[in-house]
Amino acid sequence: MGTRMRHRLMEGVRVRSYWLDRMGLRLRRKKRMMMMMVDKDCIKDTGAAKSKLGGIAPISTLLIARFWILDFEKFCSLSLSNLNVYACLVCGKYYQGRGRKSHAYTHSLEAGHHVFINLRTEKVYCLPDGYEISDPSLDDIRHVLNPRFTEEQVEQIDKNKQWSRALDGSDYLPGMVGLNNIKETDFVNVTIQSLMRVTPLRNFFLIPKNYQHCKSPLVHRYGELTRKIWHARNFKGQVSPHEFLQAVMKASKKRFRIGAQSDPVEFMSWMLNTLHKDLKTKKNTSIIYDCFQGELEVVKESYENTDGETEHRGLVTTTSRMPFLMLGLDLPPPPLFKDVMEKNIIPQVPLFNILKKFDGETVTEVVRPRIERKRFRITRLPWYLILHMQRFTKNNFFVEKNPTLVNFPVKNLELRDYIPLPTPNENERLRSKYDLIGNIVHDGKPGEGSYRVFVQRKSEELWYEMQDLHVSETLPQMVALSEAYMQIYEQQQ
């Protein structure tokens, strides 16, 4: 074959491949334009009709097929970077960037998904063309991504009795939504649900400008979770605390982590102290101390060397004052023997009996770190009083649970009648009456059981039982029949 013939054949192959490429490009462009038209029609459908209940637009199922993923950490699913992340509004996956070499751009070509929202700026773009989509019907998605509250809305939250409707047609109460149990994270869920009833703490975190100076990821994740729980325009009637749990794992250095059951009392103590440390001002004050901090007078009696010799030990008494965020109550030991019916007797004790620990006269024996006798007296009552019953006892072999039932009032707990309280100033009135707003309960054996919580809805003064995703209305009498483990009381103003 001559050289001229070979050149003609090669030129023919090049021309043929060129036109095949052009035809393929046209087909791909046509397919992409059809998909873009579908996406745009879906976006237009979002503003087609507003629901009569709650004002939520019926977003097309194509846009919200996997929209629950907005509750998870905002990292690219391929590069695992949290910089410039976009969410695909068709499949819900996260991708980084929108340039020609970015993962979002590649996904738009390969999967034919063309509508993306920037998770930080909340701007919506059509890829691969790269133009911004401006449509008011997308505001519903922005509100779910980053819920917003005005100060007027915050003031009216406890007065709102209206139910909201999710996109699946189910109704839910803002503030009374279930939380996903990622894996043995019910101890976190009950703590969050009980803290959501603390009005000043909730109102503080509903307005992001209150803590915009804070650099702690834990503070901002807790604020986001608070706004999602109380948001009236959610796509569904539950919230996933995944992002908050990731911040907890990092801040606690995996002391509290997904997949490992922990104690809600320990988590509550760590949570309040960590939030205070991140939010405190130069005067060592914060919203945490404003709500929960009280003061105790502690009288210690111990035998110490008075003359430097071990044979001569004298009784030394010291008095000090210490702040507290929660009070631990000791339960009486359960009976060792069974009754005539061969069943264990479950003892009961009034709350006022175990509160005598803080009357300034009852002696508490302490063995570690050294043998001491202590007496406690409350010198300043907090706005919100947290009590926890010490049900679990650890020894070298196993953990024991005390099943003693505590009889407590749901309303009008008057501390003045049972423990001595400080005398108020001339222009002040002693506020010593409290109402229960949250009651955490442990069910089952130690180390194997689960936690649930009873909380009160202030707008209607109704009680709800919450265990992960399950939320149901209950009677106030049922609250007092449970094995209370930790309680939050609100001071009557």
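Analyst: In helix α2, residues 103-111, the buried residues are A104, Y105, H107 and S108; buried means under 20% relative accessible area with a 1.4 Å probe, protein chains only, and helices (H or I, at least four residues) and strands (E, at least two) are DSSP runs numbered from the N terminus. Looking down the axis of α2, these buried residues fall within an arc of 165°, so they line one face of the helix; the arc is that of the directions from the helix axis to the C-beta atoms. They pack against β1 (85-88), β2 (94-96) and β3 (115-118), where contact means heavy atoms within 4.5 Å.

This is a predicted model, in which local features need pLDDT of at least 70 and side-chain atom pairs count only at pLDDT 80 or more, while totals for chains, interfaces and linings use all residues. Residues are numbered from 1 along each chain as its sequence is written, and side-chain values use heavy atoms, leaving out hydrogens and water.

Now to the ends of the helix. At the start of α2, a side-chain oxygen of S102 comes to within 3.3 Å of the backbone nitrogen of Y105, and Y105 is itself one of the buried residues. After α2 comes G112, with a positive phi near 75°.

Technical notes:
Buried means under 20% relative accessible area, exposed over 50%, partly exposed in between (1.4 Å probe, protein chains only). A polar contact is a pair of N or O atoms within 3.5 Å; within protein, one must be able to donate a hydrogen and the other to accept it, and residues adjacent in sequence count only if both atoms are side-chain atoms.
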